[in-house]
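Q: I am new to this structure and would like a close look at a single part of it. Please take me through that part slowly, and then through what surrounds it.

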Amino acid sequence: ERFPQFLATGFTPESTWDYRGKSDKESSEECAIRAKSVVHMLRQSMEELWQSSNGSSPVLILVGHQTLGDLLCHLLLEGDCKEWQYGTPKYKFKNASISELHVNPNGQVTSKDISSDYHVLGIR
């Protein structure tokens, strides 16, 4: 492994997405179920990182697409996905953007920046 400190999760042994739904195309309900499992995994990971961080704020990198990013922000920042609608994002993500969320030791999540793309200004 070139990066042993990084852990890729949610993929099959063949490196494909671990889809567990029953539809040909993921439904809104299946997407919400998947996002809730990602949030559960993120909270566990952040708790473990906080315990081993010696007081410094741990960093977790999550790469995803607009739909999942919007849904995760609903769950992490608002606590539920009751207002989330597939295809109608509240939290919009530009291509190649970076969003910075802070997770406090008590598990509360706040946003510092959503969809920043300043790192690609020169190549637009």
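Q: Which residues of H2 are buried?

A: This is a predicted model, in which local features need pLDDT of at least 70 and side-chain atom pairs count only at pLDDT 80 or more, while totals for chains, interfaces and linings use all residues. Residues are numbered from 1 along each chain as its sequence is written, and side-chain values use heavy atoms, with hydrogens and water left out.

The buried residues of H2 are Thr 67, Leu 68, Gly 69, Asp 70, Leu 71, Leu 72, Cys 73, His 74, Leu 75 and Leu 76, where buried means under 20% relative accessible area, exposed means over 50%, and partly exposed lies in between (1.4 Å probe, protein chains only). Helices (H or I, at least four residues) and strands (E, at least two) are DSSP runs, numbered from the N terminus. Because 10 of its 13 residues are buried, H2 is largely enclosed by the rest of the structure. The end C-alpha atoms of H2 are 17 Å apart, which agrees with the 18 Å that 13 residues should span at 1.5 Å a residue, the expected span being 1.5 Å times one less than the number of residues. After H2 comes Gly 79, which has a positive phi, near 90°.

The buried residues of H2 pack against H1, S1 and S2. Leu 72, for instance, touches Ala 35, Val 38, Val 39 and Leu 62, leaving aside residues up to four places away in sequence; contact here means heavy atoms within 4.5 Å.

Leu 72 also belongs to the largest nonpolar core, which has 16 residues, and Ala 35, Leu 71, Leu 72, Leu 75 and Cys 81 are the ones that touch the most other members. Helix H1 (28–51) and helix H2 (66–78) are the elements that give two or more residues to this core, and H1 supplies the largest share, 7 residues. Such a core is a set of buried Ala, Val, Leu, Ile, Met, Phe, Trp, Tyr and Cys residues joined through side-chain atoms within 4.5 Å.

The strands that H2 packs against also belong together: S1 (residues 98–103) and S2 (residues 109–116) pair in the antiparallel sense over 5 bridges, given that two strands pair if DSSP finds at least two bridges between them. His 102 has Thr 110 of S2 as its bridge partner. The two strands form a hairpin with 5 residues between them, and Gly 107 in the turn has a positive phi of about 95°.

Since Lys 90 lies in the loop between H2 and S1 and Glu 78 in helix H2, the pair ties together parts that are 12 residues apart in sequence. Lys 90 is exposed, with a relative accessible area of 52%, whereas Glu 78 is partly exposed at 30%.

A search of the whole structure finds 3 salt bridges. One of them joins Lys 94 to Asp 117, with the closest N and O atoms 3.6 Å apart, and this pair links the loop between H2 and S1 with the segment after S2, 23 residues apart.

Note on methods: A salt bridge is a side-chain nitrogen of Lys or Arg within 4 Å of a carboxyl oxygen of Asp or Glu.
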